[in-house]
Amino acid sequence: MRLKRLSPRRMFVLGFFGVIMIGTFLLMLPEASATEEPLGFADALFMSTSCVCVTGLATIDPGTGLTFFGQLVMAVLIQIGGLGITSIGVMVIMAAGGKFSINKQKLVKESLNLSSSKGLIDVVKSVSYVTMLFESAGVICAFLSYGSLFPAADALWKSVFHSVAAFNNAGFDLMGDFKSLTDFHGNIWLCVTTTGLIIFGGLGFFVIKELTSFKHPKTWTLHTKVVLCTTVSLIIAGTLMLKATEGSAITWLEAYFQSVSARTAGFATIPMGEVSKAGLLVIMILMFIGASPGSTGGGVKTTTFFVLVKKSLSTVLNGHCSAFKRQIPDSSIMKAFMVFNLALVTILVSTFAVCMLEPDFTFEQILFEVVSGFATTGFSTGITPELTQWSKIIISATMFVGRVGPLTLATIWLSRAQSAVRYSQEDVNIG
């Protein structure tokens, strides 16, 4: 009875936490470890959290440290984390002919970060169809690259795992030795396949549904226009800035790949430990912005970044905050600032705590790791396996906050009715 009285947001958070704990205990089983020793609690918790939060950071190399069972557990956790436990639950209920109650609609609305429940059933159906379509296409395309390098069965499993991880914006791989895709930095086919899965997985299911409806671009919603405009702009800007910072050390293909992957995917065709400080800053900015609402990716989201930029420009120019001949409501602007501030606070607190626990690592290494964790990206300069137990737990918590959303967690505990008292206004000098 008490569960029924929980708000959809609390059910959403508890659902993610429950899946993480189930994954933790499954990864602690002896059958999951490829070594004689099973995974300890901190490592299993970190890996499970990273999978469910579709991050990609790993303290244990999935390719060499886990058995097929362990890798399968990871793939399932990634799929659940990317689509959302409530979305998958509703898909099962719909497939079994069950009813789609109002409470279930509210849960899916929270899971997919939608603004309303309008057309929710169609969105859920689209999520299942789009996921099957893109991941199946990803398996076929990836197999064309892996098939000539590995035995057929191994190549097929690597293709399946790679497709699930890429579409769900989780940068896990089975290449071994934490190499990610550095051995394939010049493989145009695999790079294009991977970035294609990442981009579409990061657009958001609502945007994909609208694009596949083949409506005229003029009839697209403001949300879709903002997502597409910001996504394309960030990919181009990221590519140019990474090429400028790294120069001849990377190719245009590598710069493009990292620009796409930095926005919450985490696959790497170049070692992050060899990237310049300026390049790491560019990647951190891209990670912080992240993917789009209702997608498999993390970060503060492209729409948040767009609204913040638009509001800042309109304030300077003393104009209205608008885009594509539509005015952006004050509620959206306020929410964007709250998300940005809460994300910044989360990163600063986590970075401070890890800096206290890890004096042997540099500040930029720790900051990069924390931003990667919060943005559920998965990039690392190579320090993840060397973190202490408490640092792993802190970054696990950071990943969890980044995946469910700092605003969601904050409003769970601050949902009390506001006071009716209103005070008189008085100016405060700013700047």
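**Entry 1: before starting**

I am working with a predicted model, so I keep that in mind throughout. I began with the helix pairs, since two packed helices are described by the angle between their axes and the distance between the axes.

**Entry 2: H2 and H4**

I looked up helix H2, residues 41-52, and helix H4, residues 68-83. Their axes cross at roughly 45° and come within 7 Å. That angle makes H2 oblique to H4. Next I listed who touches whom: from H2 I noted Met47, Ser48, Cys51 and Val52, and across from them in H4 I found Met74, Leu77, Ile78 and Gly81. Sorting this contact by class gave me six nonpolar residues, two polar ones and no charged ones.

**Entry 3: H10 and H11**

My next pair was helix H10, residues 205-212, with H11. Here the axes come within 10 Å and the crossing is roughly 100°. Angles of 65 to 115 degrees count as roughly perpendicular, and H10 and H11 are therefore roughly perpendicular to each other. On the H10 side I wrote down Phe206, Val207, Glu210 and Leu211, which meet His223, Thr224, Val227 and Leu228 of H11. The contact of H10 with H11 holds five nonpolar residues, two polar and one charged.

**Entry 4: H11 and H12**

I stayed with H11, which covers residues 222-246, and turned to helix H12, residues 252-261. These two pack at an angle of about 130°, and their axes are 8 Å apart. H11 and H12 are therefore oblique to each other. I also checked the hand of the crossing, and for H11 and H12 I found it right-handed. H11 brings Leu234, Ile235, Gly238, Thr239, Leu240, Leu242 and Lys243 to this contact; H12 brings Trp252, Ala255, Tyr256, Gln258, Ser259 and Val260. By class, I have eight nonpolar, four polar and one charged residue where H11 meets H12.

**Entry 5: the cavity**

Then I went looking for empty space. Rolling a probe the size of a water molecule over the atoms shows where empty space is left. How many cavities of 30 Å³ or more does the structure hold? I found one. The largest cavity has a volume of about 60 Å³. Its lining is made of Asn169, Ile198, Ile199, Gly202, Leu203, Thr231, Arg263 and Ala291. Which helix gives the largest share of that lining? Helix H9, residues 188-203, does, with four residues. I sorted the lining of the largest cavity into four nonpolar, three polar and one charged.

Last, I looked up the second largest pocket, and its volume came to about 390 Å³. I noted 25 residues lining this pocket, and the closest to its centre are Phe178, Lys179, Ser180, Gly378 and Ser380. The lining of the second largest pocket has 11 nonpolar residues, 11 polar and three charged.

How values were computed. Residues are numbered from 1 along each chain as its sequence is written. This is a predicted model: local features need pLDDT of at least 70, side-chain atom pairs count only at pLDDT 80 or more; totals for chains, interfaces and linings use all residues. Side-chain values use heavy atoms; hydrogens and water are left out. Axes are lines fitted to C-alpha atoms, for helices over the stretch in contact, and angles run from 0 to 180 degrees between N-to-C directions. Angles under 35 degrees count as roughly parallel, over 145 as roughly antiparallel, 65 to 115 as roughly perpendicular and the rest as oblique. A crossing is left-handed if the near helix is turned anticlockwise from the far one by less than a right angle, and right-handed if clockwise. Contact means heavy atoms within 4.5 Å. Ala, Val, Leu, Ile, Met, Phe, Trp, Tyr, Cys and Pro count as nonpolar, Asp, Glu, Lys and Arg as charged, and the others, Gly among them, as polar. On a 1 Å grid over the protein atoms alone, a cavity is a set of points where a 1.4 Å probe fits but cannot get out, and a pocket is an open set with protein on both sides within 12 Å along at least five of seven lines; lining residues have an atom within 4 Å of a point. Grid points are joined across faces, edges and corners, and a volume is the space filled by probe spheres set on the points.
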